Amino acid sequence: MQTIISLKATFFKVLVISITFLFLLSSCTKKKWTLETSDTKVVVGIDNNSSPCIYELSNSNYKWNWTSTPSVLQLPTKGVVRDGKTFDAVSWTFQGANEEMLNGKMITLNFVCTQVPGLSIQSIWWAASSSASGPVQHSWKIQNNTAAL
């Protein structure tokens, strides 16, 4: 009888650990995204400091990676707001990514300024088609909504 109770307790512990692991796994956010044309592959993402990063820039045909180490894209570190207040150490918080599959593939990495509410930056990546040659394009969108505050 004691063996059966012990087995049930062990089973319950394993079940709880398994459910916890699956919950943690499902709540993890994706940190890398791949954009690809027939001749260019770019893997972008967020590094451990919440900065946008290029993990891979390669030729799809020859598998050559020009970025043997990740290349961090710097976000602005200084800012001046309307009232003349200067921020010499601006920091940004990653707020997630959007992935769209219209006219190719677009990844938008979203950041908000920690010191200036209403100020945000988007790092926008776009590849027209994985079956056609061409570039993977990148642009920045800076949005200033501080006047609405």
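Reader: Which residue in the hairpin of E9 and E10 takes a positive phi?
Author: Gly118 does, with a phi near 95°, and that hairpin has 5 residues between its strands. Keep in mind that this is a predicted model.

Reader: How many bridges do E9 and E10 have?
Author: There are 8, and the pairing of E9 with E10 (residues 119–127) is antiparallel. Lys105, for instance, sits opposite Ala127 in E10.

Reader: And what about E8 and E9, how many bridges join them?
Author: E8 (residues 92–100) is joined to E9 (residues 105–113) by 7 bridges, again running antiparallel. Within that pairing, Ala97 has Leu109 of E9 as its bridge partner. The hairpin of E8 and E9 has 4 residues between the strands, and Asn103 has a positive phi near 55°.

Reader: Which strand pairs with E3 over 6 bridges?
Author: That is E2 (residues 41–46), in the antiparallel sense. Lys41 has Ser58 in E3 as its bridge partner. Between E2 and E3 lie 5 residues of a hairpin, where Ser50 in the turn has a positive phi of about 65°.

Reader: What is the bridge partner of Ser58 in E4?
Author: Asn65. E4 (residues 64–65) runs antiparallel to E3, with 2 bridges joining them. Their hairpin has 4 residues between the strands, and Lys63 takes a positive phi near 60° there.

Reader: Where does E5 come in, and how many bridges join it to E3?
Author: E5 covers residues 71–72 and is joined to E3 by 2 bridges, running antiparallel. Cys53 stands opposite Val72 in E5.

Methods. Residues numbered from 1 in each chain as written. Predicted model: local features only at pLDDT ≥ 70, side-chain atom pairs only at ≥ 80, totals over all residues. Heavy atoms only, no water. Pairing = 2+ DSSP bridges.
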